[in-house]
Amino acid sequence: MDYRSRSIRNSEEQKGGGRAIAFIVVSVAMILFIVFTTVGKSCASGLWGAIFGKSKDEENQEIIDNLSEQEANLSTPDLYSGQVTVPARNFYLLQMGQYSDSETAATQAYTIQTMGAGGYVYYDGMLYRVMAAAYPDENSLSKVQDQVRSAGYSNSAYILSTDALTITVEGEEDRVEEVSEVIAVAMELPNKLYDCYISYDKGELDNASLQDEVRTLYRELTGAYGQIMTETSESVKYIAQFLSDNMSLLSTFLELDATIDQTVLSSEIKRLHLQTIVRFSDFIDGIDTESE
């Protein structure tokens, strides 16, 4: 009995040792399969993920893949090219004298300022021209000329002309429309100031009301300037500069004491109008030269 029991135990121990060796061989084979074959790596990754969850690298890659998919799904805004046409314009100026030297022109300008005229000295490259006021059409100027002559003052008409201009604006359609509206605000400033000084001279506005009207125009320019101040195209930069220059002119006018004499204020609003017209002419010439 003892011999048989020992025999059985030896046999079982041999079997156990064989199973252990077989397990080790299979384990080594699996490790080699996982490490050195693509299929093995894939299987191991799936099993590892199922048991322990995704690795950090897998999570990062999934985030990158999702972001790439989202970017691919984002629709690129349609770019749009719009054109804004500024028509040719004529400004009809009442000229009270023309001089070859600036000092004589300045003296004459001061003289007519004391009578409520603009007294703006415009240098055209050859002569210093003293302007009393500006009008939107020839008929309006002609009537005033007759009145001034009847009062004993010689005068003449001076026409300041600007060419038609087409400004191209590119970007998203809504942005192009917005810039177009800003340009319209800039172009209308001379007309609105003309309405202001005509209403004032007719007695329809008092000092405070006139300044309120000019303040409203200043706010319009400020709002328009804020909409395009970051634009990079050269043409829109010129518009922004035009708005900024005129904002400075209007700001200076608004600093005047509202209780000053009406004759003085009448002269100031006419001179402001003349200044914006000259700025407008310079703006058209400048942007036209830049676009060539």
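Analyst: The account below goes from the chain as a whole to the sheet, and then to the helices beside it.

The model is a predicted one. Its chain has nine helices and six strands. Of its 292 residues, 32% count as buried. Where contacts join residues at least 6 apart in sequence, 77% of them link residues at least 24 apart.

The sheet comes first. Four strands make it up, in the order S3-S4-S2-S5; the sheet is open and its pairing is antiparallel. S3 and S5 (156-162) stand at the edges, each with a single partner strand, so one side of each has no neighbour in the sheet. Direction ignored, neighbouring strands are turned against each other by 50 degrees on average.

S3 pairs with S4 (residues 128-135) in the antiparallel sense, over four bridges. Two of the residue pairs can be named. Tyr123 stands opposite Tyr128 in S4, and Tyr120 has Met131 in S4 as its bridge partner. The two strands form a hairpin with four residues between them. In that turn, Gly125 has a positive phi of about 100 degrees.

S4 itself is mostly covered, with seven of its eight residues buried. Besides S3, strand S4 is paired with S2, again in the antiparallel sense and over seven bridges. Within S4, Val130 is the residue that Gly97 stands opposite.

S2 covers residues 89-99 and also pairs with S5, in the antiparallel sense over seven bridges. Here Asn90 stands opposite Ser161 in S5. Helix H5 (residues 138-150) packs on the sheet and touches S2, S4 and S5. The direction of H5 makes about 25 degrees with that of S2.

Ser281 belongs to helix H9 (residues 262-291). Leaving aside residues up to four places away in sequence, Ser281 touches Leu160 and Thr162. Ser281 and Leu160 are 121 residues apart in sequence, yet their C-alpha atoms are 7.9 Å apart in space. Ser281 has a relative accessible area of 6%, which is under the 20% limit, and therefore counts as buried.

Helix H6 is the next element to consider. H6 lies across S2 and S4 and runs at about 75 degrees to S4. Two further helices, H7 and H8, meet H6, and each contact can be described in turn.

H6 (residues 173-201) and H7 (residues 207-228) have axes that come within 9 Å and cross at roughly 165 degrees. Because this angle is over 145 degrees, H6 is roughly antiparallel to H7. The crossing of the pair is left-handed. On the H6 side, the residues in contact are Arg175, Glu178, Val179, Val182, Val185, Leu189, Lys192, Leu193, Cys196 and Tyr200. On the H7 side they are Asn207, Leu210, Glu213, Leu217, Glu220, Leu221, Ala224, Gln227 and Ile228. Sorted by class, the contact of H6 with H7 holds 12 nonpolar, two polar and five charged residues.

With H8 (residues 234-254), the axis of H6 comes within 11 Å, and the two cross at roughly 40 degrees. That angle makes H6 oblique to H8. This crossing, too, is left-handed. H6 contributes Val179, Val182, Ile183, Ala186, Met187 and Leu189. These residues meet Val236, Ile239, Phe242, Leu243 and Asn246 in H8. By class, the contact of H6 with H8 has 10 nonpolar residues, one polar residue and no charged residues.

Methods. Residues are numbered from 1 along each chain as its sequence is written. This is a predicted model: local features need pLDDT of at least 70, side-chain atom pairs count only at pLDDT 80 or more; totals for chains, interfaces and linings use all residues. Side-chain values use heavy atoms; hydrogens and water are left out. Axes are lines fitted to C-alpha atoms, for helices over the stretch in contact, and angles run from 0 to 180 degrees between N-to-C directions. Angles under 35 degrees count as roughly parallel, over 145 as roughly antiparallel, 65 to 115 as roughly perpendicular and the rest as oblique. A crossing is left-handed if the near helix is turned anticlockwise from the far one by less than a right angle, and right-handed if clockwise. Contact means heavy atoms within 4.5 Å. Ala, Val, Leu, Ile, Met, Phe, Trp, Tyr, Cys and Pro count as nonpolar, Asp, Glu, Lys and Arg as charged, and the others, Gly among them, as polar. Two strands pair if DSSP finds at least two bridges between them. Buried means under 20% relative accessible area, exposed over 50%, partly exposed in between (1.4 Å probe, protein chains only).
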